[in-house]
Amino acid sequence: MFSDLMNEMAIKSNISDEPDTSKNVVPVNLSRRGFISGTSLFVIGVSLVGCSKAEEILIDPVPPTPAGPSPLKEVRGGDATPSLWIEIEADGKVKITCHRAEMGQQSWTSMAQITVEELEAEWDKVEIVQALGNPKYGDQNTDGSRSVRFNFHRLRVAGAAMRQMLCQAAANHWGVELSECYAEQGIVTHTPSKKTLTYGQLAEAAGNLQVPSEDQIKLKSRDEWRLIGKEISSLTVEKIVKGEGIFGQDVQRPGMVYAVISRPPQVLGKVLSYNDSDTLAVQGVLKTVELPAATVPVMFKALGGVAVIATDTWAAIQGRQALSIEWDKGPNAGFDSEAFTKVLSERTNTSGTIHRKRGDVSQAFAAAETKVTAEYQTAFFVHSPIEPPSATAEWIGGELEVWACVQDAQTTRKTISDLLSVDIEKIKVHPTWLGGAFGRKSKCDFAVEAALLSRELGKPVKVVWTREDEIQHGYYHASSVHRFEGGLDADGKCISYLNRAAFPSLTSIFNPSADEATGFEMGLGAVDVAFDVPNLQVESVKAEANVRVGWLRSVANIHTVFANQSFVAEMAVAAGRDQKDFLIELIGAPRIMDPNKDEQTQYPNYGADATEYPLDTARLTNVANRVSEMAKWGRELPKGHGLGIAVHRSFLTYVATVVEVAVDDEGNLSIPGVWVAMDAGTVVNPLHVKAQIEGGTIFGFSNALYGKISMKNGAVEQANFPDWRLLRMEEAPRTFEVEIIESNAPPAGVGEPPTPPAAPALANAIYAATGKRFRNLPIIGADDYVLPLNRTEDA
């Protein structure tokens, strides 16, 4: 099913009459080298800045050339030809290879839309094939909301190059000028004579032509698009509905056995001894295998423990329950997350590492008419995708194949090669569909476990993670403490702003000595805060990691934006101002921000060129104004209702969210309405972007209300949905309106940006409804629906 289309294009021909090759013959060369030499102009940088107001946008017919790595620089030793993504068969069927993982974000559909748009193929003849992990595709790491951004231009060029080759083949066949031919819906037509040939008829002849250079390729203008920007239905939904999609848990191999693993409760713990006599008595259990203990850096290594091997998953689970293991708890045995938060809180009372500095915050704060201070805390969060991790590994003749629900097949391949000392060329990684991921499945430890066990047993092994495994042994979004000091002048204007942050760095899994947030992480909502304040300072303090810290949807934006957007609302209250008006005033006049120049800081801008993806405060203000209009900000509300707003730019996309909550006399919380405005530049599929906005916002609400993960004695206290839960369908907003701002700007991320504003907009709405300020996440916890209105730490 997961055929590898990394080989040369297999285009077949069935042209029925003899071609006239007397003129207009183009040199034939479809080799990788030929395409590389002919497409050196892939590398283009065009600055396109979004407009300030939606109503003023005039759509440029010339589509943007988005930023992102050069496809040619990214492709290492590979086939940089259109055939890397496109295969046309004699019957006209078009196969599009998707080199990114499909995890519900609809990368299959959107990337096919981009390619087929320029190819001018018939949409109903398109078939998608998942690529194996291989560096010749360039970056395959499906995280950071980058699949469209990184591939928008290169896929358009690939499709257009193939279209032009098909037209050239037809022109050669008819003995006419290329300019007299055009392609539409899988057919090439000679305009003067009205003769036509199908793509299937032309495929083989086109495959013998040299790939044109980019300056010879004519891309469509925006007004010619018939697929990009259209709400095309998902290519995966029907297969999911019919049960035909293959997820990680669905993989089957002949002779396969199943494994579940009893892992050390503490990271870096290890087995002292174990007794498996009761385990081996369980029907279906075949044997037990002790895995090597994890060592620092923990990276994506297996955590160690004892694997129970059985003929089916249930027997393996029963066998694990019967295991008796004595653990060496290791260096993290004393870790207590509650005590850890108190330590971080104390540390934020003293100065730390300065990441951005403007003016003199101390002096301005001392002189302020009104002083506002607040501290915000967030717990550890866990990804918990609906499909827990799973991987199947099989060694065949010294070579390894892995089928796994991984976000990054290349990293999986490289990690297994390094940890198992296997030649990387002898490893194939087949990414299956992912039943959700949120960043968890970019860490391939479960695939490493499968590879280790399969080599030990000499047969295919599927490693199954249960819900308990995922919650108790995952990678966790860092807990945090943010301290703020804000000074207001006599007119209620903010004249000083200090943010001091403490949270473990996700780099700690690669570098055990990492004990403070990096500049990259501080660039996710803290350093890039778009406030026009004369005195502003952003700092971090030390925060050690005692668990596996990993990136989760929106990464540090989650806790940072919860904190700073809540603090803005608190300053608005202190100033006696409307929170929306105060927020927009704080953002200030329209301008292009560049902290790297303005404050000599180090702002990574999500790896994008600041000239192509500038931080444009006009776009930020625009989404704030638009969402306020959508929600009818300022309207009269029923008793117990409140509105909250938050706005943020992340992953190069601008999002503003307004939440309406209702709180009854018993403290029961409901969410009558949510409104979101997003400016993500050029959007490929608005239908799926809307779904991402809804999903990302719900994800934010879920963690904000219930998502607590805590540790005692180094072990996670939660295990399954009875003590950790998601927002449920009955709790979803009754009204959910989304507007995607039309824009000329290059494509930006859409999967992660809706999440950060969700929590602060919710908290601000609760304050508006109740007068109670909740500064800690989660607000409620897994075992209740009722707001803790009398909690002592709340203001």
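Good morning. The model is a predicted one: local features need pLDDT of at least 70, side-chain atom pairs count only at pLDDT 80 or more, and totals for chains, interfaces and linings use all residues. Residues are numbered from 1 along each chain as its sequence is written, and side-chain values use heavy atoms, with hydrogens and water left out.

I begin with the chain as a whole. It contains 20 helices and 31 strands. Here helices (H or I, at least four residues) and strands (E, at least two) are DSSP runs, numbered from the N terminus. Of the 795 residues in the chain, 63% are buried. Buried means under 20% relative accessible area, exposed means over 50%, and partly exposed lies in between, with a 1.4 Å probe and protein chains only. Among contacts with a separation of 6 or more, 79% are between residues 24 or more positions apart; contact means heavy atoms within 4.5 Å.

Let us turn to the sheets. Strands of a sheet pair through backbone hydrogen bonds, either parallel or antiparallel.

In what order do the 7 strands of the open sheet stand? The order is E9-E10-E7-E18-E15-E16-E17, and the pairing is mixed. Strand E9 (285-291) and strand E17 (427-431) are at the edges with a single partner strand each, so one side of each has no neighbour in the sheet. From one strand to the next, the twist averages 20 degrees. Axes are lines fitted to C-alpha atoms, for helices over the stretch in contact, and angles run from 0 to 180 degrees between N-to-C directions.

Within this sheet, strand E15 (residues 390-396) pairs with strand E18 (residues 461-464) in the antiparallel sense over 4 bridges. In that pairing, Ser390 is found opposite Val464 in E18. Helix H8 (residues 313-321) packs on the sheet, where it touches strand E7 (257-262), E9, strand E10 (305-310) and E18, and its direction makes about 25 degrees with that of E7. Helix H11 (residues 409-420) lies across E15, strand E16 (399-404) and E17, and runs at about 145 degrees to E17.

The next sheet is also open; it has 3 strands in the order E4-E5-E6, with antiparallel pairing. Strand E4 (181-184) and strand E6 (196-198) form its edges, each with a single partner strand, so one side of each is left without a neighbour in the sheet. Its twist averages 20 degrees from one strand to the next. Strand E5 (residues 187-190) pairs with E6 in the antiparallel sense over 3 bridges, and Ile187 stands opposite Thr198 in E6. Helix H5 lies across E4, E5 and E6, at about 75 degrees to E6.

Helix H5 also leads us to a helix pair. Two packed helices are described by the angle between their axes and the distance between the axes. At what angle do H4 and H5 pack? Helix H4 (residues 147-174) and helix H5 (residues 199-207) pack at about 90 degrees, and their axes are 8 Å apart. H4 is therefore roughly perpendicular to H5, a term for angles of 65 to 115 degrees. Arg163, Met165, Leu166, Ala169 and Ala170 of H4 make the contact with Tyr199, Leu202, Ala203, Ala205 and Ala206 of H5.

Finally, I come to the salt bridges. Side chains of opposite charge can pair when their charged atoms come close. A salt bridge is a side-chain nitrogen of Lys or Arg within 4 Å of a carboxyl oxygen of Asp or Glu, and by this rule the count comes to 41.

Arg163, which we met in the helix contact, forms a salt bridge with Glu118, with the closest N and O atoms 2.9 Å apart. This pair links distant parts of the chain, as Arg163 is in helix H4 and Glu118 in helix H3 (residues 107-119), 45 residues apart. Arg163 and Glu118 are both buried.

Asp336 and Lys712 also meet in a salt bridge, at 3.0 Å from N to O. Asp336 lies in the loop between strand E11 (324-328) and helix H9 (337-347), and Lys712 in strand E28 (residues 711-712), so the pair ties together parts that are 376 residues apart in sequence. Is Lys712 buried or partly exposed? Its relative accessibility is 37%, so Lys712 counts as partly exposed.

Thank you for your attention.

Definitions and conventions: Two strands pair if DSSP finds at least two bridges between them. Angles under 35 degrees count as roughly parallel, over 145 as roughly antiparallel, 65 to 115 as roughly perpendicular and the rest as oblique.
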